[in-house]
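Here are some notes to read beside the model. Keep the structure open and find each residue as it comes up.

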Amino acid sequence: MARNIKITAVPQHVKNKYEKLIAAAVAETYKSVVQKSPVDTGRFKLSWAVGQNDVSFPGESEGQDSYPEPNAEQPRKIGYEKERAGNVYNVYNNLPYAEKLETASLGKGSSVQTSGPGWVRATAKRVQSLIPTLAARIEAES
């Protein structure tokens, strides 16, 4: 069903839809990398975060035998509460071995739990391809 929107309200309407799309893409990316993260103690999996114009979260400190399971449906947002237009959002993991898990070949630092190197890049490409579907879902909610 079509909505009537006053012409003066169009910019805010578009901005609201765009911010919902940003939030959906961030949530999908976070969920995917958390779910695909290899688990030994759980520190790596728990150290994913989302930054708004920032990537300062250092990750969970070491020293525990095990870490709680993160809620993949609830992104860990560092320094902000809601995605807004005009910002850059990064889903990241700053643990020292994070890059090696993404880039090293199996047996040389990567994990069979991730299906090998490139799993984070593959997630980014998959989420990019989902943007039209996410946008259609958001539009259907109106």
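1. Start with a term. Rings of Phe, Tyr and Trp (its six-membered ring) pair if their centres lie within 6.5 Å; planes under 30 degrees apart count as stacked, over 60 as edge-to-face and the rest as tilted. By that rule, the structure holds five aromatic pairs. In one of the pairs, Phe44 and Trp48, the ring centres are 5.6 Å apart and the planes stand at 75°, so this pair is edge-to-face.

2. A word on the source. This is a predicted model, where local features need pLDDT of at least 70 and side-chain atom pairs count only at pLDDT 80 or more, while totals for chains, interfaces and linings use all residues. Residues are numbered from 1 along each chain as its sequence is written, and side-chain values use heavy atoms, with hydrogens and water left out.

3. Are Phe44 and Trp48 buried or exposed? Buried means under 20% relative accessible area, exposed over 50%, partly exposed in between (1.4 Å probe, protein chains only). Phe44 has 4% relative accessibility, so Phe44 counts as buried. Trp48 has 5%, so Trp48 counts as buried too.

4. Trp48 also pairs with Trp119, edge-to-face, at 6.1 Å centre to centre and 85° between the planes. This pair links distant parts of the chain: Trp48 sits in the loop between α2 and β1, Trp119 in helix α4, 71 residues apart. Helices (H or I, at least four residues) and strands (E, at least two) are DSSP runs, numbered from the N terminus. Trp119 is buried, as is Trp48. One aromatic cluster is made of Phe44, Trp48, Tyr97 and Trp119.

5. Now the core. A nonpolar core is a set of buried Ala, Val, Leu, Ile, Met, Phe, Trp, Tyr and Cys residues joined through side-chain atoms within 4.5 Å. The largest one has 15 residues; Val26, Phe44, Trp48, Val50 and Tyr89 have the most contacts inside it. Helix α1 gives the largest share of this core, five residues.

6. Look along α1, residues 10-36. The expected span of a helix is 1.5 Å times one less than its number of residues. The 27 residues of α1 should therefore span 39 Å, and the end C-alpha atoms are 39 Å apart, which agrees. Its buried residues include Leu21, Ile22, Val26 and Tyr30.

7. Last, the strands. Two strands pair if DSSP finds at least two bridges between them. β1 and β3 pair in the antiparallel sense over four bridges. Ala49 has Tyr92 in β3 as its bridge partner. β1 and β2 (residues 77-78) pair in the parallel sense over two bridges. There, Val50 stands opposite Lys77 in β2.
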